[in-house]
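Please view the structure alongside the text.

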Amino acid sequence: MPIPDFQTLMLPVLRSSADGEVKISDVTEQLATQFYLSPEEKGELLPSGRQTIFANRVHWAKFYLAKAGLVDLTRRAHFRITERGQKVLGSPPERIDIRFLFQFPEFKAFREVASSPGKEAVEEAVQTAGLTPDEMMRKAHAQLEEELGKELLSRIINAPPDFFERLIVKLVVAMGYGGSVPEAGRALGKSGDDGVDGVIDQDALGLDRIYVQAKRYKDGNVVGPGAIRDFFGSLDRFKAAKGLFATTSSFSSSAGETAELLSKRIVLLDGRQLAKLMIRYNVGCRVEETIHIKAVDEAFFE
């Protein structure tokens, strides 16, 4: 089944502490069994790679319950139910969520202190989408990067023809290829390129090279297997063992199959992957603002 959202977990987390102090990791394991999570769902990680999605949501459920006075955080990674929490379980609702918690003055005060311009919209999104606040931030970040990617591709399409060739060479070098060679990458231009738009020297003598083909197509103009075979022929003429075929559009499934079957290593880079790599390696974009997501250092307080 899908991993339950953190509001769905609030009532089960509260019930898990009904008999006294519990350890959060034990509660996480217990609830994973209760919700019939598969090993893959239990092990699915946040983008940070430091915590599983399910454990993160259990922690957020516990955090919100604590702010409403339904549980107490006793010691590191442990909590227990309060008298108020016991009363709630005495006549339990069908579900505990953020709206339910607003009846408690401590929780209401907590939300008012945390309020800021635009917070109401975020609150509504958290309540209706069932995502934790940090998941909302990551989702918003992903949406921003998706829009940035579209803008980058649009700028490339509208740039002069040779711009894309230079861009691909610059990106490959930024990714660390030819990193030990000064001016390792160079665009070859139109005249006499013989089907190759750029080359990256992997070593100082140029014994190992990556050859680049860059096709600037509008979205919907799919690159087919014929173009891949032509590029393969160009690599053969250069006695090259590997090449990169990049496009602003996409490749047909048969183009991918052709690249896999040919005797030379040819990597295909479509527009979507290109935009992601440009963002990752800050090519054509820059960091405008950095936001750090921090957590309590439990060891410090011990």
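## Packing of helix 4 and helix 9

In this predicted model, helix 4 (residues 53-67) packs with helix 9 (residues 133-158) at an angle of about 130°, and their axes are 9 Å apart. Angles from 65 to 115 degrees count as roughly perpendicular and those over 145 as roughly antiparallel; helix 4 and helix 9 are therefore oblique to each other.

On the helix 4 side, the contact is made by Ile53, Asn56, Arg57, Trp60 and Tyr64, which meet Pro133, Asp134 and Glu135 in helix 9. Sorted by class, the residues in this contact are four nonpolar, one polar and three charged.

Five strands form an open sheet in the order 4-5-6-7-8, and their pairing is mixed. The edges are taken by strand 4 (185-187) and strand 8 (265-269); each has a single partner strand, so one side of each is left without a neighbour in the sheet. From one strand to the next, the twist averages 20°.

Strand 7 (residues 242-247) pairs with strand 8 in the parallel sense, over five bridges. Within this part of the sheet, Leu244 stands opposite Val267 in strand 8.

## Helices across the sheet

Helix 11 (residues 225-237) lies across strand 6 (209-215), strand 7 and strand 8. Its direction is at about 145° to strand 7.

Helix 13 (residues 271-280) lies across strand 7 and strand 8, and runs at about 85° to strand 8.

Conventions. Residues numbered from 1 in each chain as written. Predicted model: local features only at pLDDT ≥ 70, side-chain atom pairs only at ≥ 80, totals over all residues. Heavy atoms only, no water. Axes fitted to C-alpha atoms, helices over the stretch in contact; angles between N-to-C directions. Helix = DSSP H or I, 4+ residues; strand = E, 2+ residues; numbered from the N terminus. Parallel < 35°, antiparallel > 145°, perpendicular 65-115°, else oblique. Contact = heavy atoms within 4.5 Å. Nonpolar A, V, L, I, M, F, W, Y, C, P; charged D, E, K, R; others polar. Pairing = 2+ DSSP bridges.
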